[in-house]
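Open the model in your viewer and keep the selection tool at hand. The stops below run from the whole chain to single residues.

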Amino acid sequence: MNEYPNLSTRRARLWALVWMAAFLADYFLQFFGSRFWRDLALPLLGRMGLK
Amino acid sequence: MIRTLPVDLFWTVWMILASAGIGRKALGAARSSADEEGPDAHGLLMSLGSGLAILSLLVLGLGMAGMVSRRGYLILLAAASVLCSREILLVLREAVRLAGLSIRGLSGRFEVFLAAVLLSAAAANLIFNYSPPTQAREMLYDLTLPKIYLQLGRIRDVPDQKEFYYPMAVQMLYLMGMGLRSALVAKLLHFFLGLACAAAVAAVTRRFFRGSAALPAAVIFYLMPLVTSLSGTANIDLGTLFFGLIAFSSLALWLEGGGTKALALAGFFSGAALGSKVTGISVVTAGAALAFFLRSPEEPPGISRAVRRTAVFLFAAGLSVGPWLVRNAVFTGNPLAPFAVPALGWKAHEGALIELRGLEKAAGNVPASEILRGTRNLLVGDIIFGGGPLVLAFLLAGIYGADGKRNLRILLAFALANFAVLLLALPYPHRFYENRYYALTTGLLAVPAGLGLDWFGRVFKSKGWVRGLAGACLLFPCLALSLLFGARRIPLFLGFQSQESYLAEKLPFYSHAVYANKNLPRGSKVLMLGSSDAHAFYWDASLVPPSLELLAGRDPEDVAKLLWGQGITHVLYFEGFYRREDGALKHTENSGLDLHWDMPKMRASHLAGLFRSAGVILYRVDYSDLSDRVHNPGGIRFGGNFG
């Protein structure tokens, strides 16, 4: 018996992978253009004398 | 700080244990389920949630009756501990057994890695949390109003801020913690609420879906930047989130056949979510909708049954949120203060009117590109206050892989209903840029995300890559953010930096508070012009926002009369927020705060500069030419805020 009925479909796995890749890509696109660098990382590096 | 941590932890843990004991007694679950089927995490969290809500209402009731004091809270805590001693011991025993089982149950390197990440984040968040309050909201009212109540020795109407009329279930626990010990206990309570939320996510995953996904779901949840950012503060959002999570859990239990008691508990916890934050209205709405449209397996269909279910749910919600409406009715005559209900003649607080005016103008011309940008911010996530990279990335995999499809549909329906209510109800720009309001939806989606990670690990022969990818995302940016926030406070935590220098470094207007506390007479009332982010928690004087009438005043003498009438002794002017345009001082961010004063003339006649720093000037109001001509009926007093 297949415990996961959806496992048998390669399509489900493919969609889940595409979805994951799309969201991760968009997240990191937003992340690396964000205020994380402006407000946190760069000032910190500056204070440590690394910038 | 590290020296005082054990004592503050002692008070915090005692309050939490007493709450869990009270909740357990109230739920009538005095017998340990551990003896029969092992420790019940779900039951422990229900006990904790019930107890926290009840304790909060007790503090409110006693405060309204005039009892706000350290001695009173000691008696309350001691009495609760004695009356619920058996339940507290059971809770403690079950919690210890549960922790032991969880540690022994770790199997495989990936689970050990996840547990290590979770513990590291908790340790870093604890250091982040254990620092003097510096977040805008906690300084404006979350900790400031309890401070005022402690000074007054009772809970009474303080009309300075519109926020003082919001429901304050979590702040009542802060009031007790501050009364017993300090504001740091209040902050620690919020930190522990974050851990309780993670436990609730794990318990929901284990109870309604799959045990092996509980740890991944809890780690994905707790490592969300949103949770990290909130864990370091005494904002109350993690309390609202905790009540929202256990409200869902109770609903799911009811739909499995848990009976009317589970439905009533779901209503009670939804009401507690609303009782701790106005945005909790989405939890009550979503829960009531589910109670109406869904039914447990043994219940026959029918509209009258649906109405009855919804009535039970809403009645139970009213038990936990109702006291806050009563408080407002007693103080102002308007149960829904600070908001207006014109049809019933219930007036708004002027602060709410000013904010709504600013929001209406901001919402006037929003281009489509801005809506797209805002939607993306909401979905993909703000970097500091968002859900992080994993929640949505593993969502579809979780939907494919979830075992209990009915439970998954219930979870998604509840999460999406909560999301939709907020999206429709919140004004722009809060709708797109206050991600923390949507924390319940994001938190619930961590459950399918955990299921998705678990599913990926099962369906691919080579599962190392997907676990490696998820692990990398957990380390960066999630854990990195947590470590960064913690590491920045290590000198303070270890005592190498003083609290004074920490506050001076973190707070741009802290020097104003220090100056004012040294030099302003007792009972001074300071008008904030341009911003309410003046770190009110650290001021001895009371800080008040402007009334509509004051903002609109033009002639210096008229303005001075208004200031006199409202008992204002000083003005804190945020110069940088204003630019002169069309004969008025336009606020750069909130048009509701546009000012019509003639500042040069005001400075020449009625404002004497006392202290200036970082573009913010503290003036003393000079009434010397006015005091002999204008009668001040009440001297320095509260008033005029409800218009």
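What follows is a tour in stops, each with something to select.

**Before you start**

This is a predicted model: local features need pLDDT of at least 70, side-chain atom pairs count only at pLDDT 80 or more, and totals for chains, interfaces and linings use all residues. Residues are numbered from 1 along each chain as its sequence is written, chains are lettered from A and ligands numbered from 1 in the order in which they are written, and side-chain values use heavy atoms, with hydrogens and water left out.

**Stop 1: the whole of chain B**

Helices (H or I, at least four residues) and strands (E, at least two) are DSSP runs, numbered from the N terminus. The C-alpha atoms fill a box of roughly 80 × 55 × 50 Å along the principal axes.

Now switch to a surface. Chain B exposes about 24,800 Å², and carbon and sulfur atoms supply 63% of it. Accessible areas come from the Shrake-Rupley method with a 1.4 Å probe; for residues, only the protein chains shown count as cover. Buried residues make up 58% of the 643 in chain B. Buried means under 20% relative accessible area, exposed over 50%, and partly exposed in between (1.4 Å probe, protein chains only). Of the contacts in chain B between residues at least 6 apart in sequence, 77% join residues at least 24 apart. Contact here means heavy atoms within 4.5 Å.

**Stop 2: Asn125(B)**

Go to helix 6 (residues 109-129), where Asn125(B) is found. Asn125(B) counts as buried because its relative accessibility is 0%. Show its side chain together with that of Tyr222(B): a polar contact of 3.2 Å joins the two. A polar contact is a pair of N or O atoms within 3.5 Å; within protein, one must be able to donate a hydrogen and the other to accept it, and residues adjacent in sequence count only if both atoms are side-chain atoms. Leaving aside neighbours within four places in sequence, Asn125(B) also touches residues including Phe191(B), Thr228(B), Ser231(B) and Ser482(B).

**Stop 3: salt bridges**

The count is 19 salt bridges over all chains. Each is a side-chain nitrogen of Lys or Arg within 4 Å of a carboxyl oxygen of Asp or Glu.

Select Arg137(B) and Glu163(B). Their closest N and O atoms are 3.9 Å apart in a salt bridge. Arg137(B) lies in helix 7 (residues 136-142) and Glu163(B) in the loop between helix 8 (144-152) and helix 9 (169-180), so the pair ties together parts 26 residues apart in sequence. Glu163(B) is buried at 4%, while Arg137(B) is partly exposed at 29%.

Next, pick Arg210(B) and Asp403(B), a salt bridge with N and O 2.8 Å apart. The pair links distant parts of the chain: Arg210(B) is in the loop between helix 10 and helix 11 (214-222), Asp403(B) in the loop between helix 20 (395-401) and helix 21, 193 residues apart. Arg210(B) is buried at 13%; Asp403(B) is partly exposed at 32%.

**Stop 4: backbone exceptions**

Most residues other than glycine have a negative phi, and most peptide bonds are trans. Select Tyr428(B) and Pro429(B): the peptide bond between them is cis, with omega near 5 degrees. Pro429(B) is in the loop between helix 21 (405-425) and helix 22 (430-433). Phe476(B) and Pro477(B) are also joined by a cis bond, with omega about 15 degrees. Pro477(B) sits in helix 24 (residues 464-487).

Move to His535(B), with a positive phi of about 60 degrees. His535(B) is in the loop between strand 1 (525-529) and strand 2 (542-544). Is His535(B) buried or exposed? Buried, at 3% relative accessible area.
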